Structures are given as structure tokens and as C-alpha cells.
Amino acid sequence: MNKRIIDYNTNQTFSGYSIARDPASDGQILVQDLNTYSQLVSRIIQGDSQAVLQRIPDNTFRSCITSPPYWGLRDYNIPGQIGAENTLDEYIENLVAIFREVRRTLTPDGTLWLNIGDSYTSGNRRTRDPDKKNIARGMNYRPPTPEGLKPKDLIGLPWRLAFALQADGWYLRSDIIWHKPNCQPESVRDRPTRCHEYLFLLSKNEKYYFDSKKIREPSTSRKGWRNRRTIWSINTEPNHYDHFAMFPESLIEPCLLASSEEGNRVLDPFFGSGTVGIVALKLHRRFCGIELNPKYMDVAYKRISELIHP
Ligand SMILES: C[S@@+](CC[C@H](N)C(=O)[O-])C[C@H]1O[C@@H](n2cnc3c(N)ncnc32)[C@H](O)[C@@H]1O
């Protein structure tokens with residue numbers, strides 16, 4: 001089982017990972033680093049994130065990096081999924097409740113990095129026709145226009161969620177614009193094409209772990225380095241896996257580097273195809289992924305297996 005993978009930072013090779021399904025714990029997927037952190041285990045747990053988180057003790061994770069399903073954009077076709085709520089308020093309430101559990105499981109110096117995109121009201125159209133230029137945006141349902149908004153309104157969903165989390169006790173520390181230079185074209189002529197999403201940095205307490213040196217960037221005005229700025233230009237990455245919304249690894253790396261140290265545990269309660277797990281392994285962190293859809297558990301299993309058995 002043990003194979004070699006490339007160390008992210010140093011390009012050195014190292015060996016000693018195994019991946020297996022654990023029949024004793026409902027088929028959880030266990031990934032074990034048998035070498036660097038002997039006996040330390042990462043895991044992917046199938047289930048609803050709120051229910052699974054309730055079984056995890058306080059102060060377990062140094063950081064959480066995640067991207068919940070966006071409201072009304074994609075139907076993952078599974079009961080209990082977040083994002084298919086009929087109202088915006090319900091969607092935000094569900095996420096606030098899940099992230100309350102996330103906060104409890106974070107260490108006192110822990111942070112949450114939350115990626116979320118915006119969308120437009122449907123104007124009470126109940127489906128979205130396939131967009132010729134963007135097949136993945138075809139939908140078999142769309143939620144009704146929220147009260148107080150009009151057809152064609154931009155919902156402002158990321159900020160509504162950020163404010164709700166702030167009101168629930170999180171410290172809202174930064175909004176980061178994830179600029180996608182290779183964004184999908186849109187068939188619109190009455191507004192600019194959207195080419196960004198948000199990444200919010202929130203903390204459990206006023207003071208928290210943040211290693212700014214690990215993510216500093218080259219200075220543009222003089223030689224040397226400067227503190228990381230809030231606009232991150234990162235291309236989406238093509239993939240051959242059956243998952244619509246994979247994170248690019250380079251979006252996750254700075255979040256992990258700034259918010260955790262080697263050996264720490266990091267959480268992704270909407271694990272999808274497992275990008276947070278992949279980057280965590282490459283950077284010698286342990287991860288816990290929670291995913292409702294068994295089909296995506298399989299995708300994550302395949303991706304991680306391909307990493308450790310190239
Ligand atoms: C935007 S995707 C995450 C993609 C992920 N960042 C990646 O790189 O592949 C959101 C994921 O949340 C999962 N999901 C939806 N509702 C959930 C719930 N209640 N509990 C756990 N996972 C859920 C979906 O199945 C989907 O895979």
C-alpha cells in the first residue's frame with residue numbers, strides 16, 4: 001500500500017500513506033500517514049455535516065476550509081442536501097447552524113475559510129435552461145425569488161451569509177476576492193460577466209493563529225515581500241472527475257498554510273471531491289472530510305488513491 005508522493009514545498013519524495021475503507025465505522029475512508037506522523041489518521045465520513053459534527057468533540061480542528069453548495073445553483077440530487085432549500089432564509093439558517101457546530105469543534109485559535117459565490121434571482125422561472133456556453137449551469141429546479149427582491153436582482157448571498165455568521169458569534173476578519181481569470185462565459189448583454197467569488201476569513205475568537213509570513217507575496221514596488229493582498233487571481237482547474245464544483249488546489253494552499261501547522265487537523269464539512277484532503281496531505285496536515293453524497297465519497301477516494309498510488 002505504501003507509495004511515494006511529492007512533497008509540495010521541497011519537491012522531495014517521501015513514502016508511507018495508506019487508504020482504506022473501514023467496515024467497522026460505516027465505511028469511513030481512512031487515510032493514514034505511516035511515516036511522518038506515525039499512526040495519525042485522516043478520515044472522510046459519509047453523512048449530513050450537522051449530524052456528523054455533533055459527534056465530534058470540542059476543540060478538534062485548527063482550521064476549517066470549505067465551500068458549501070450555493071443556493072439554487074446546482075442540484076446534487078440527494079435528500080438532506082444544502083442548497084436546495086425553497087427560501088433563502090432557510091438556506092442561511094441551515095448554514096449558520098452547521099457553522100455553529102464547526103465553531104465548537106475548532107480550537108480556540110481556529111479559523112474558518114468560507115468560499116461562496118453569488119447568484120441572481122430567478123424571476124420565478126422554475127428551471128434554468130442549459131447555458132450553451134456553460135453546460136454545468138443547467139438546472140432542473142430554481143427557488144422562487146426571495147421576498148423583497150425583484151427578478152434579475154443580484155442576491156448578495158455571500159454578504160448575507162457573512163453577516164448572519166457574524167451575528168451568530170464569528171469574527172468576520174477578511175473578505176478575499178477569488179478572481180477567476182479563466183471564468184466561464186455567460187450569455188448576458190446587460191451586465192458584466194461575473195468572474196469572482198468570495199472567500200471569507202472568520203475566526204472563533206478575537207485572537208487566532210495566522211501565519212502571515214507563509215502566504216506573503218512578492219512586492220511590486222520594491223524588492224522583497226509584502227503582506228498578502230485580498231484579491232487572489234487563480235484559474236479554475238479542469239478535471240476529469242464527476243464533480244461540478246472542485247476547488248483549485250492553489251486556492252486552498254494559502255488558507256491551509258496561514259491557518260495550520262504540520263500535523264494539525266483541518267476540517268471540510270462539504271468535502272465533495274476532496275480537494276482540501278489532497279492539499280492537506282501534500283502539506284502534511286491531517287484532514288476530516290464530511291460528505292453527504294456517497295458518489296462523491298467515491299470520487300474523493302479515487303483522487304486520494306491516485307495521489308498516493310501514482
Ligand atoms: C461545492 S461542493 C464542494 C466541492 C469541494 N470543495 C471540492 O473541491 O470538490 C459542496 C458539496 O457539499 C455536499 N453536501 C451538500 N449537502 C450536504 C450536507 N448536508 N452534508 C454534507 N455534505 C453536503 C455536496 O454533495 C457537494 O459535494
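A residue is termed buried if 20 or more other C-beta atoms lie within 10 Å of its own, exposed if 12 or fewer do, and partly exposed in between, with C-beta atoms placed from the backbone. The structure is a predicted model, in which local features need pLDDT of at least 70, side-chain atom pairs count only at pLDDT 80 or more, and totals for chains, interfaces and linings use all residues. Residues are numbered from 1 along each chain as its sequence is written.

Leu199 is located in strand E9 (residues 196–203); helices (H or I, at least four residues) and strands (E, at least two) are DSSP runs numbered from the N terminus. Leu199 counts as buried because it has 23 C-beta neighbours inside 10 Å. Residues up to four places away in sequence being left out, Leu199 touches Trp113, Leu114, Asn115, Ile176 and Trp178, where contact requires C-beta atoms, placed from the backbone, within 7 Å. A separation of 9.8 Å was computed between the C-alpha atoms of Leu199 and Cys255, which are 56 residues apart along the chain.

Buried positions in H2 are Leu88, Tyr91, Leu95, Ile98, Phe99, Val102, Arg103 and Thr105. Viewed down the axis of H2, these buried residues fall within an arc of 150 degrees, so they line one face of the helix; the arc is that of the directions from the helix axis to the C-beta atoms. The packing partners of the buried residues of H2 are helix H1 (49–53), strand E6 (61–66), E7, H3 and strand E13 (265–268).

Most residues other than glycine have a negative phi. Asp26, although not a glycine, has a positive phi of about 50 degrees. Asp26 is situated in the loop between strand E3 (17–22) and strand E4 (28–33), and counts as exposed because it has 10 C-beta neighbours inside 10 Å. Lys152 likewise has a positive phi, near 75 degrees. Lys152 belongs to the loop between strand E7 (106–116) and helix H3 (157–167), and with 12 C-beta neighbours inside 10 Å it counts as exposed.

The ligand is surrounded by 21 residues, the closest being Phe270, Gly272, Ser273, Thr275 and Leu292; a residue is near a molecule if its C-beta atom, placed from the backbone, lies within 6 Å of it. The shell around the ligand has 10 nonpolar, nine polar and two charged residues. In this classification Ala, Val, Leu, Ile, Met, Phe, Trp, Tyr, Cys and Pro are nonpolar, Asp, Glu, Lys and Arg are charged, and the others, Gly among them, are polar.

Terms used:
Two residues are in contact if their C-beta atoms, placed from the backbone, lie within 7 Å.
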